[in-house]
Amino acid sequence: MLDSIPELRDIILSYNRIKTWTHKTPVMTSSLVNELAGCRVFFKCENFQKTGSFKFRGASNVVLQLPENMSRNGVSTHSSGNHAQALALAANLQGIKSFIVMPENAPDVKRNAVKAYGGNVISCKPGLSSREETLANVTRDTRAFFIHPYNNFDIISGQATSAYEFLCENPSLDSIIAPVGGGGLLSGTCLAAHYLNPRIKVYGAEPAGAPDAFKSLQAGKIIPSEHPNTLADGLLTSLGEKTFPVLRDHLERIILVSDEDIISAMQIIWERMKIIVEPSGAVSFAAMLHERKAFKGSNTGIIISGGNVNISQLPFQTQ
């Protein structure tokens, strides 16, 4: 298990460890999207990953390394949905119990999926303090091994395999945009790009209604997420002390986008790409469209982080 920022060899080891358990997700393009964006856009479709998001990479990377004395009582975590699903399935595939603390306002589609993957769901009030308090009680009672959703170097290394895979297949990218909540995917993306081609610029995309990562990098210290207000429910958490330094040292900048921008980007992906993307997964494309001039004429990589959405309540149908 890693106790420091992953190096390239760690990311490669993680990739080789999980590759028979995870999907190699496709990279998709659209001439209509390129025309609209004014650049060549390459979508890394983690919405086609097992459990519908990139989170299965990191969860698998940790679970596959756990010795019997650490896994015999199961694993536990707190999550609004995608990490919850990922850990539940990763544990189930290894015959390990999972105990998942989820806020009571988590989307039903994600809560039901966790249960279908064999996870034991424990509800809590919205907010990080309630999550952590409930998790502490669950972990004490079950003695399950806690796997943090993002503030874990092996999680970061696992998430980095998405960008590693992306860049090995598409080495000519000028930039990559990934969403940021807790920073696991974005910090992993920064590291993979830095090791494989340090000339590539990595940008973060964040909802304007939950701008804690943006504020944190401006302040030079972690600013907790307080009262976030965005439909991108997967991006409500604060940065961790393991993800923050990576973003501070390697990220170009964070682009803030409104919920209206996210809905518009989401609708374009559904209509033009014919693929399912959740609001959190559309934030990166929304950021690129918001800053078209900065990416004009370039090869731009967009990580679509997930596709777990309630199709009966699509935001572009309820406007």
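Start with the spot where two helices touch: S14, R17 and I18 in helix 1 meet R57, S60 and N61 in helix 3 (contact means heavy atoms within 4.5 Å; helices are DSSP runs of H or I with at least four residues, strands are E runs of at least two, and both are numbered from the N terminus). By class, that contact has 1 nonpolar, 3 polar and 2 charged residues (Ala, Val, Leu, Ile, Met, Phe, Trp, Tyr, Cys and Pro count as nonpolar, Asp, Glu, Lys and Arg as charged, and the others, Gly among them, as polar).

Keep in mind that this is a predicted model, where local features need pLDDT of at least 70, side-chain atom pairs count only at pLDDT 80 or more, and totals for chains, interfaces and linings use all residues. Residues are numbered from 1 along each chain as its sequence is written, and side-chain values use heavy atoms, leaving out hydrogens and water.

Now look at T25, in the loop between helix 1 and strand 1 (27-28). With 1% relative accessibility, T25 counts as buried (under 20% relative accessible area, with exposed over 50% and partly exposed in between, using a 1.4 Å probe and protein chains only). Leaving aside neighbours within four places in sequence, T25 is in contact with several residues, including K44, F48, R57 and E165.

Next, find the open sheet: 4 strands in the order 5-4-3-6, with parallel pairing (two strands pair if DSSP finds at least two bridges between them). Its edge strands, strand 5 (120-124) and strand 6 (145-146), each pair on one side only. Strand 4 (residues 98-103) pairs with strand 5 over 5 bridges, and M102 stands opposite S123 in strand 5.
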